[in-house]
Amino acid sequence: MIPGKYRSVSGRAANNVNCGLHLVIQTSSLPEKSKVEFKLNKETPSFPGRLLQHDLERNYSSRQGDHINLASSSMPSFPILQRSSEEKILYSDRLTLERQKLTVCPIIDGEEHLRLLNFQHNFITRIQNISNLQRLIFLDLYDNQIEEISGLSTLRSLRVLLLGKNRIKKISNLENLKSLDVLDLHGNQITRIENVSHLCDLRVLNLARNLLSHVDNLNGLDSLTELNLRHNQITFVRDVDNLPSLQRLFLSFNNISTFESVCCLADSSSLSDITFDGNPIAQESWYKHTILQNMMQLRQLDMKRVTEEERRMASVVAKKEEEKKRESHKQSLLKEKKRLTINNVARKWDLQQHRTPNIATNQDTKVSDSPSQDPSQLHGSAVVSAFPEETGSLDSGLTSALQGLSVTDTHLVEVDGDTLSLYGSGALESLDRNWSVQTAGMVTTVSFTFIEFDEIVQVLPKLKMKFPNSLHLKFKETNLVMLQQFNALAQLRRVDQLTIDPQGNPVVNFTLWKYYVLFRLSHFSMQKINGTEVTQNDMIMAERLFGILAHVASSELPQYRLISILGDARKKQFRYLLETKGKKPGLVNEENNDSKRLVGENTNRATLNYTTRDFYNERLEEIKEKKKFCKMYMEDLVKEATDINMKNEALQKLWPQMFIELVRDAVIEIRNKNSYMKLCLQQITDQK
């Protein structure tokens, strides 16, 4: 009887040392009495430990001497194996045919009691002629040329099957081997794990050095304690968490590069030993900490004992990595949100401009805008969220989080370092908020995108007050179409750089637009336009081209019109200039220079202003109302004059007759003088 531990089997077999193996081979070409006898006195090497980390040590086949007779059968290709009675008694339950150069399995008659059979190191291509060995427990066919698992359906008692280093391409025909305890298939050409779910008693499975690219189909192996998958091409692992008894898993020298591809291992409560050495993942700085943090039950990692200090450090590092990952996911989510919002703003802009949408999708963004967010809380790279619908955790993954994103947002505000970016006309409303002093003070660049320039002009005074340190303005898709629009920028405090993107701003197609900007905004002493340094020659050329324009504009306007254009800030200066005519030149120049330092902008240039379309439309409406009122007033006057004239003409016609009647009535009344006097006195008395 073979004991429960296979180690003891091999130990007992090892006691037979230096026994002579006597083979008698009879072939069909020889007479029955002619026999070829030869002795092989050799020391059979013990089995190498091919099943790593399990209890099986295959030395069971070493040093045994069997007197074996391989006689030909009626079928010449299958020799018949016969042993002497003494050998059968001495080694009744085992048979070793190691290194016999066999190409087929011999017919074994009268050995139905065999429990251990060894065909190591032969040239066998097919498993056959052993179906009668129904008590067989241990079958070793290591290092042969077998291409298919077959011929085992009757071996229902088989516990150990060793088929390592063969040419097997598929796991099959194991349906009846339900008692199998050890299955060794290392060194074959197997590409997938299959047809093993019924092996509920299997403890050891060795699939090292095959062609596996992934691990799955392991459900049902409830007794599996050791799984060897070294030296494959595995990129991901599944179903291992469904193995309740698995303790040792060897994944060395595969193609595993991320923890996500083996994350199911973290759900295994029984796993204690695991190896990842030789994989790309083992080269990562976070490898050990991540594995230990997610697999707290491990006792050994890469064949090294895990210490408590390593676990503690892994926990600390893993928390930091988790925070970093969480932040990365958050930034990715915000970036995607901003991309969607910018796309919506661009689509709306294109519809307004009656253009075919051509939306840029490669915006490198970080933050988004929300009316509910207080921008005074922003510091450094700040976020103003435009997505109040965000409620879920980012831990569930970026992809699932993005499924609930809104695609209806029509504006966006971004504060990234020293840059304030505004997308869509609705973003201009953010200038009305209570920005923190720190955030507003950091902003030196303001970018406008997908906003009408006329709308921007209306908020320039707010921009000057809210962000006093803004020096660089950027315009993209703002409908800058004429030079006159640049006049509106003169009301700002200071502009050092100006960037006009050709996209959506036709004004850049004018050859002289840069010179006009330098001329009109000369009081800013601009340093760069569209990234190009401004030189002294540029300033001189601008003055030559447009200097006469300002002179003509100011000289042709009446005084009241100039004062209304210049505004309150320049009225006093203009009146002062008029009042100082006739004073001494030196005194006038000195006082004038002081005034220029206070105001900065040249008076002639100040007459070159810009009226937005909305303001112009408002003025038109106002003028229309005035015209309407004047028209109605004049119509009333004309009607009244006409009535008066008609009455006058009628009076002229009636007056002669009326005069005659008046004279007649008067003569009749005073004809009797006394009566007339009494009547007059009576009327006077009645009036009192």
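Tutor: The axes of helix 3 (residues 287–294) and helix 4 (residues 308–352) come within 8 Å of each other and cross at roughly 100 degrees. Such axes are lines fitted to C-alpha atoms, for helices over the stretch in contact, with angles from 0 to 180 degrees between N-to-C directions. Helices (H or I, at least four residues) and strands (E, at least two) are DSSP runs, numbered from the N terminus. Helix 3 and helix 4 are therefore roughly perpendicular to each other; angles under 35 degrees count as roughly parallel, over 145 as roughly antiparallel, 65 to 115 as roughly perpendicular and the rest as oblique.

Helix 3 brings Lys288, His289, Leu292 and Gln293 to the contact, and helix 4 brings Glu310, Met313, Ala314, Ser315, Val317 and Ala318. Contact here means heavy atoms within 4.5 Å. By class, the residues of this contact are 5 nonpolar, 3 polar and 2 charged, where Ala, Val, Leu, Ile, Met, Phe, Trp, Tyr, Cys and Pro count as nonpolar, Asp, Glu, Lys and Arg as charged, and the others, Gly among them, as polar.

This is a predicted model, in which local features need pLDDT of at least 70 and side-chain atom pairs count only at pLDDT 80 or more, while totals for chains, interfaces and linings use all residues. Residues are numbered from 1 along each chain as its sequence is written, and side-chain values use heavy atoms, with hydrogens and water left out.

His121, in the loop between strand 7 (116–118) and strand 8 (138–140), has a phi of about 55 degrees although it is not a glycine. His121 is buried, at a relative accessible area of 17%; buried means under 20%, exposed over 50% and partly exposed in between (1.4 Å probe, protein chains only). Phe253, between strand 15 (248–250) and strand 16 (273–275), has a phi near 60 degrees and is partly exposed at 40% relative accessible area.

Lys474 has Thr499 as its bridge partner in strand 23, while Leu498 has Ile529 as its partner in strand 24. Leu498 and Ile500 make up the covered face of strand 23, and Gln497 and Thr499 the uncovered one. In a regular strand the side chains alternate between the two faces of the sheet.

Asn479 lies in the loop between strand 22 and strand 23 and is buried, at a relative accessible area of 16%. Beyond its neighbours within four places in sequence, Asn479 contacts residues including Trp349, Phe453 and Asn505.

Key:
Pairing = 2+ DSSP bridges.
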